Amino acid sequence: MYAVDINCDLGELPGEQGRLLDSKLIPLVTSVNVACGEHAGDAQTMRATISTAKENNVAIGAHPSYPDRDNFGRKPLRMSAGEIILTVRDQVEVLATIAEEQGVALQHVKPHGALYSVAAQDYEVAQAIGQAIADFDPSLIYCGMANSELERAARDLDLRFISEVFADRAYTADANLVPRDRAGAVITDTDEVISRVLHMIQDGRVTTIEGADIAIEAQTICLHGDNANALALAAHLREALVERGISLVPMNQIV
């Protein structure tokens, strides 16, 4: 039997409308990655997201980024390894403190946006993120792209690692995500998303934007909360997986 986690990046959309969407998404997933204030979110959104996740027995993780709200953390910044360690550790600590106030412990850390993309290919950046996690709490799970430098860094630091795949993003032949400014990078068609996810889980393969079929390990499935079709994607994907007998569990039941 297959068992996977579904995770979603939340606490990123502003105002009451954003909080309402998050509250509808949370019951459909098994883990949430909460924005820690440096690309989006603030103490209020963190508290609201954690509270709703707790009510729905959904696990909590930190979603740290480059400190760059102007670009939503999607622009690479020149930062030393020491600077990355400091900002990631500080962001995780902020969220952990708010979670502790509500009697909730963090499960994992998943970097956001450009920090994630750079670290997937740059070992030094991946190692700096991992070192920040290890310094703060080495029991936390390092969540990152399958077959990437994120995974290598986690192994070298003796951190638990969970291999992440993306339901609503296209892949290149070298197993990286297609840049968002390229046509076809973001997938919004529900049937296509479900087909791709089942192929990744059951066959350990994904079809790239070039048409190749490459190996990939799917332990946790990411849905982006800012996808225009996020709610429908989450609902239909969850239903499709359950119908096929695939167990949906949080990351800490997988690794």
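Biologist: How many residues of strand β2 are buried?

Modeller: In this predicted model, 5 of the 5 residues of β2, which spans residues 31-35, are buried, so the strand is largely enclosed by the rest of the structure.

Biologist: How many bridges join β1 to β2, and do they run parallel or antiparallel?

Modeller: Strand β1, residues 3-10, is joined to β2 by 4 bridges, and the two run parallel; within that pairing, C8 stands opposite V32 in β2.

Biologist: What about β2 and β3, how many bridges there?

Modeller: There are 5 bridges between β2 and strand β3, residues 59-63, and these strands also run parallel, with N33 standing opposite G61 in β3. To get from β2 to β3 the chain passes through helix α2, residues 43-55, and this β-α-β crossover is right-handed.

Biologist: Changing topic, where does N229 lie?

Modeller: N229 is in the loop between β9, residues 220-224, and α8, residues 230-243.

Biologist: What is its relative accessible area?

Modeller: The relative accessible area of N229 is 24%, so the residue counts as partly exposed, given that buried would require under 20% and exposed over 50%.

Biologist: Which residues does N229 touch?

Modeller: Leaving aside residues up to four places away in sequence, N229 touches T188 and T190. As for M1, 228 residues apart from N229 along the chain, the C-alpha atoms of the two are separated by 29 Å.

Note on methods: Residues are numbered from 1 along each chain as its sequence is written. This is a predicted model: local features need pLDDT of at least 70, side-chain atom pairs count only at pLDDT 80 or more; totals for chains, interfaces and linings use all residues. Side-chain values use heavy atoms; hydrogens and water are left out. Buried means under 20% relative accessible area, exposed over 50%, partly exposed in between (1.4 Å probe, protein chains only). Two strands pair if DSSP finds at least two bridges between them. A crossover is right-handed if, with the strands pointing away from the viewer, the path from the first strand over the helix to the second runs clockwise. Contact means heavy atoms within 4.5 Å.
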